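Trainee: Could you take me through one part of this model closely, starting with the pairing inside its sheet and then working outwards to whatever surrounds it? I would enjoy one connected walk-through.

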Amino acid sequence: MSLKRFEAQSHKEAMRLVRAAMGADAIIVTSRKTAQGFEVFALREEDLDNVVDEAPAEAASDITRQLLHDVQEMRSLLQQQMNQNPPEDKRKWSYLKLRSSGYSEALARELITLMPQHLSRSETRSEAIEAWLTQQLAARLQHPQQDWDLLQHQGVIALVGPTGVGKTTTTAKLAAHYVMQMGSESLLLVTTDSYRVGAQQQLATYAELLNVELFAMTDDSDLEVLAEKIKNKRLVLVDTVGMSQRDHRLTQRIASFSVPELGSKPRLALLLNAASQQATLHEVASVYQTIAEQLELPLRDCILTKTDEASCLGGALDTAMHFGLCLQAVSGGQQVPEDLQAPDFNALVAASLTVAAETHAFAESEGAQLSSGLSPDSYALVSHAQVIRQCVEGLAAVVPDFAEVSARIGDASTIGELPRQLPQATAWALWSAPRPFQGWGQLTPHIALDSAGLPLVDAVLQHLYDDAEVLQPNQGHLFDYLPNVTQLMALEQEQVAWLAKPSRNHHVVSQGEKNSCVKVIARNGIELDQWTMTYRGEQRKVKLRIAAVSLQRDSEETLQLLGVKVSAGKAKGSQFERFFLVHSACTAEQARCLVDYMLLNDELPRLTRLAWQQLESNAAITENSVEANNKRLYLSGVLAALASRVEHTQHQGGSQVRAQLMALTQRSGRIEASKLMSAMWQVIQAHEAFRVVYQQEQ
C-alpha cells in the first residue's frame, strides 16, 4: 500500500514534501490542520488501481477509506465520459459542411446564425439540416424571370469570361437551343476571337450544322456590315475573346461591344468555371462587373460551366450569390446541346452540399473558432443584431430612399403632411379600385410604379388625392377597375397609354354583337403570345389572347380586349383567367408588359389589408382619430408597396435580402410578399429600437 502521511509546519511545505516524494502527479487524498501544523495523506496515481478492499495503513482513518472510494468512483466516471463521443454541435457541423462545400465564411456564419433553434439540437438528423440549408441557399440564387430567359431576349448577348472557360462551346449550345425553339433564320452568331487558333473554325462548323449565319469580326472589320446583318435578326450571340481578369486590355475589349452599330447596349453574360477556386471566381466576377458598370453595360447574368470537372460547386454558387448574378444555365460536358441545361436550383444546391467526408478536414480549424466567450444567449443576440443590420443594408441597396421609408414605418411621428399626388418619378400610375377590398372597410391607396412595373415606395390615399392638377405619368395609367367611358375616351384622344380591368361578365361589343368579356375572348380571341413569369413565388405559364372590341354600339373607337390565362402553380395556386382593356395603339410587346405589371401588383390590396393588421401594434397610429387612421392607412400602403417591390426586384442584392428576411423570421416555403412584409416590419422595428438605445447611450 502506497498511501503515505506527510507532516509540516505549513500547507505549502507539506505539498513540497509530497511532490519531492511522489512527484507532481501524486493524488492528495486528504489534508487537515493539526496542533503540530498540517497533515497530508497522498498516494501515487499508478497505485490507485490496486486500492480496492485493501485496508489502508493504520494511520488512515475511516474517513480516508471513504475518500479513497470516492476518488476511485470519480476516476471511473471521468474515464467513462472520455470514452464517449460528446454531443454533436449542429451549428459547427453545418458550418463545416458549408465551408468544405466551397461556400464563403461570411455566408456560412450567416446561415448558422439564422438556423432555427430546433435544428441546432444534437439529436437533429443531418438530412433535416441539409434540407434547410438547401432551401436557404437556393433562395439566395437569383432566378431567371422565365425559362431560358437569355433565348427570349431580343438584341445582342455577349458571352464574356477568362480564357478557357468554355465561351465558344457554350455559344454553340445556346444557338442549338435557340434553333430548336425559334428556328435558325432570326439568329446571328458573331465571333470576335481572332487570337486563338481554330476558334473561328470551331464556331463556323457549329453554325453550318445549325444552318445559322456566322459573322467573323476582326479588329479591322467594317462595323457597318455587322450593323446591316443585325437588322433582320431577333437574337445575336457574340463569342468574345477570352482574357484574364488581370489583362489591362480587358476594359478596351468590353468597351468595343458598346458601339452604335450594335444598336442598344448588349446584354453581357459572364461564364464562371465551376472547377475554379472560390477566390479566383470572386476576382473574375468583381473585375468584370466593375468594368461593366464603368461602361454602363448591364452584367447581371452568368452561366456555370465545367460542372462535370468540379469537385465542389459551392464556390461558383457563392460567387453568383455574392455578386447578384442571375444563373441562366448550367453546362457540363462537350455535347451540343445536351450538356447545357436550365438550372434546377434545388438540385444544384443539393449537389453542392454532397461532399466527400475527407474534404471537411481543411475547415476544422475554422470550425473551432465558432466558440466565443459569449454565452449562447448573448451570442445569438449579437449574431441576430448583425443579420438585422445586413438586412437593413440590403433593403437600402434595393429600395430607393429606404432610410426615409424605414424612419416613417419605424416611427409614425416622423410623418408630416400626407401626400396628395403621386411622385414626379411615376412611370405608371396604378389607380386602385374605388371600393373597399373584400373583408376590409378601407380603400386601397393609389400606388406609383417605376418603368419596370415595380412599386415606388409611396402611397396616396384615395380620399386625399388632389385631382385639381391631374398627374401625367411618364408612360401611362393602369386601372385596377374599369373607369367610365368618358375617362377612357379622353385618354384615347390624348393618345396616352392605359390598361383597365373589367370583370369577366362586363359586356363589350365585338363583331356587331354585345357579349361578356369571357364569351368574346372564347369566340373571337386570337392567341397572341405565351410566356413564363414568377407569380406569388411560383413559376406560372401565361397565355395571352386578344380581340378587337368597342365599349358601345355604333362607337367608332376600337379598343383591344385581352384574355389572360395563368396556369396552376405547383403548390396551391389554381389556374385563373383575367381580362383587360387596353388602348387602341397598344402593341403586342407592350400588351405583354402591361399584363406583367398588373399581375405582379395584383396582390397590393391584400397586402395593404395585412399591413393594416400588422400596424395594430403601433399605438401612435391606432388611436381613435381621423389623423391616426389616415397615417395608418398610408403606412399600410407604403409597407405593401415595399414588400411587393422586394419580392419582384431583379436587383443584384434582391435574392440575398429575400432569403435573409425569410430565415430571420423562421419562415419557409415559397418566397412571397406577405411573408417578406411581416419580416420587414420586424426588422425595421428592431433596427429602430437599436437606434433609439444607441442615441440614449450617447
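Mentor: Let's start where Gly-155 stands opposite Leu-235 in E7. That pair belongs to the parallel pairing of strand E4 (residues 155-160) with strand E7 (residues 235-239), which is made over 5 bridges. Please keep in mind throughout that this is a predicted model.

Now widen the view to the sheet around that pair. E4 and E7 are among the 8 strands of an open sheet, whose order is E6-E5-E7-E4-E8-E9-E10-E11, with mixed pairing. Strand E6 (213-216) and strand E11 (340-341) each have a single partner strand, so they stand at the edges and one side of each is left without a neighbour in the sheet.

Next come the helices on this sheet. Helix H7 (residues 167-182) packs on it and touches E4, strand E5 (187-191), E7, strand E8 (267-273), strand E9 (299-305), strand E10 (326-331) and E11. The direction of H7 makes about 165° with that of E7. Helix H11 (residues 278-294) packs on the sheet too, touching E4, E8 and E9, and its direction makes about 170° with that of E8.

Asn-211 sits in the loop between helix H8 (199-210) and E6. Its phi is near 60°, a positive value in a residue other than glycine. That deserves a second glance because most residues other than glycine have a negative phi. With 56% relative accessibility, against a cut-off of over 50%, Asn-211 counts as exposed.

Gln-495 counts as exposed because its relative accessibility is 74%.

What about H17 itself? Helix H17 covers residues 485-493, and its buried residues are Leu-488, Met-489, Leu-491 and Glu-492. At the N-terminal end, H17 is capped by Asn-484, which has a side-chain oxygen 3.2 Å from the backbone nitrogen of Thr-486.

Where does the buried side of H17 pack? Its buried residues pack against strand E14 (476-479), strand E15 (497-500) and strand E20 (559-566). Follow E20 from there: this strand is mostly covered, with 7 of its 8 residues buried. E20 pairs with strand E19 (residues 538-549) in the antiparallel sense over 8 bridges, and with strand E21 (residues 576-582), also antiparallel, through 7 bridges.

Strand E1 (residues 4-8) is joined to strand E3 by 5 bridges, and the two run antiparallel. Arg-5 stands opposite Phe-41 in E3. E3 (residues 38-43) is mostly covered, as 5 of its 6 residues are buried.

Leaving aside residues up to four places away in sequence, Leu-661 touches Cys-391, Leu-395, Val-646, Leu-676, Ala-679, Met-680 and Val-683.

Buried residues make up 51% of its 698 residues. Of the contacts with a separation of 6 or more, 69% come from residues 24 or more positions apart.

Methods
Residues are numbered from 1 along each chain as its sequence is written. This is a predicted model: local features need pLDDT of at least 70, side-chain atom pairs count only at pLDDT 80 or more; totals for chains, interfaces and linings use all residues. Side-chain values use heavy atoms; hydrogens and water are left out. Buried means under 20% relative accessible area, exposed over 50%, partly exposed in between (1.4 Å probe, protein chains only). Helices (H or I, at least four residues) and strands (E, at least two) are DSSP runs, numbered from the N terminus. Contact means heavy atoms within 4.5 Å. A polar contact is a pair of N or O atoms within 3.5 Å; within protein, one must be able to donate a hydrogen and the other to accept it, and residues adjacent in sequence count only if both atoms are side-chain atoms. Two strands pair if DSSP finds at least two bridges between them. Axes are lines fitted to C-alpha atoms, for helices over the stretch in contact, and angles run from 0 to 180 degrees between N-to-C directions.
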